[in-house]
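Try each one before reading its solution.

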Amino acid sequence: MPVEVTWWGHATATVRDSGVTVLTDPLLVRRLAHLRRRRGALPPPAAALADVVLVSHLHADHLHLGSLARLSPGTAVVLPRGAVRAVPGLRRLAGLLELTEVAAGDEVRAGAVTVRAVPASHDGRRLPIGRSGVPALGYVVEGAARTYFAGDTGLFDGMADEVGPVDTALLPVGGWGPFLGEHHLDAGRAAEALRRLRPRHAVPVHYGTYWPIGMDAVRPHEFHAPGQEFARLAAGPAPEVAVHLLTHGESVRLEHAR
């Protein structure tokens, strides 16, 4: 059975596997604080329709309260353990959505798929004054295939062991500003992640969507280029991996032999 991946921009993607619709880190607005959507139309209202939503960490461009409020009542939302305590606005959504907090290693069943939380190397606090102790996560969605959504992460020891075998990897390859620290994947580090993980398919995300207002002319290659750069660099350490460069709103159907 094929698995369909749609990239809406930034870290927001829909994975459809075994009749279950999984939405990642929904960010469905044109502007967030100092960030403006520079590429791609806003996701349509149908993008907010999901059986389960995965939130990787508490940064506002990944845990966006306004976008979560657009979900249908009763939608299951999986978040890092401690999120509701750390982000008071989530308490107002608790009566609307089915919130489940998890730690690395926990599993959640959603219809015909299982979602397993895995570690990430990233400062997952709600900035600028968020409490520590709410680690960032990635997730592996397993149904007809295994799809790894990395959220936001850097490389870390034991990455392949923690994530386990996967068929498709949704990897961040850029950011929303011209500087990325070591706890992020840029195009080069994402190519190294492919070498370690060895999926059959990869979809680069987290680039080319939002850019700080007033910085349109500042190092624009940092905004436009990471997807293509990742595809180029991945051909060296992981030539067997098919890299799918999606435009905003574009879908790809992936066949997985299990």
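**Exercise 1.** This is a predicted model. Find the polar contact made by the side chain of H64, then decide whether H64 is buried or exposed.

*Solution.* Start at the side chain: H64 makes a polar contact with the side chain of S67, at 2.8 Å. Now look for neighbours from elsewhere in the sequence; leaving out residues up to four places away, H64 touches P26, L27, V29 and L32. Last, check the accessibility: the relative accessible area of H64 is 12%. Buried means under 20%, so H64 counts as buried.

**Exercise 2.** Describe how helix α5 (residues 187–197) and helix α7 (residues 226–234) cross.

*Solution.* Two packed helices are described by the angle between their axes and the distance between the axes. Here the axes of α5 and α7 come within 8 Å and cross at roughly 40 degrees. That angle makes α5 oblique to α7. As for the hand, α5 passes α7 in a right-handed crossing. Then list who meets whom: A187, G188, A190, A191 and L194 from α5 meet P226, E229, F230, L233 and A234 from α7. Sorted by class, this contact has eight nonpolar residues, one polar and one charged.

**Exercise 3.** Is G19 buried or exposed, and how far is G19 from A112 in space?

*Solution.* Locate G19 in the loop between β2 (12–17) and β3 (20–24). With a relative accessible area of 74%, G19 is exposed. In sequence, G19 and A112 are 93 residues apart, yet their C-alpha atoms are 7.4 Å apart in space.

Methods
Residues are numbered from 1 along each chain as its sequence is written. This is a predicted model: local features need pLDDT of at least 70, side-chain atom pairs count only at pLDDT 80 or more; totals for chains, interfaces and linings use all residues. Side-chain values use heavy atoms; hydrogens and water are left out. Buried means under 20% relative accessible area, exposed over 50%, partly exposed in between (1.4 Å probe, protein chains only). A polar contact is a pair of N or O atoms within 3.5 Å; within protein, one must be able to donate a hydrogen and the other to accept it, and residues adjacent in sequence count only if both atoms are side-chain atoms. Contact means heavy atoms within 4.5 Å. Axes are lines fitted to C-alpha atoms, for helices over the stretch in contact, and angles run from 0 to 180 degrees between N-to-C directions. Helices (H or I, at least four residues) and strands (E, at least two) are DSSP runs, numbered from the N terminus. Angles under 35 degrees count as roughly parallel, over 145 as roughly antiparallel, 65 to 115 as roughly perpendicular and the rest as oblique. A crossing is left-handed if the near helix is turned anticlockwise from the far one by less than a right angle, and right-handed if clockwise. Ala, Val, Leu, Ile, Met, Phe, Trp, Tyr, Cys and Pro count as nonpolar, Asp, Glu, Lys and Arg as charged, and the others, Gly among them, as polar.
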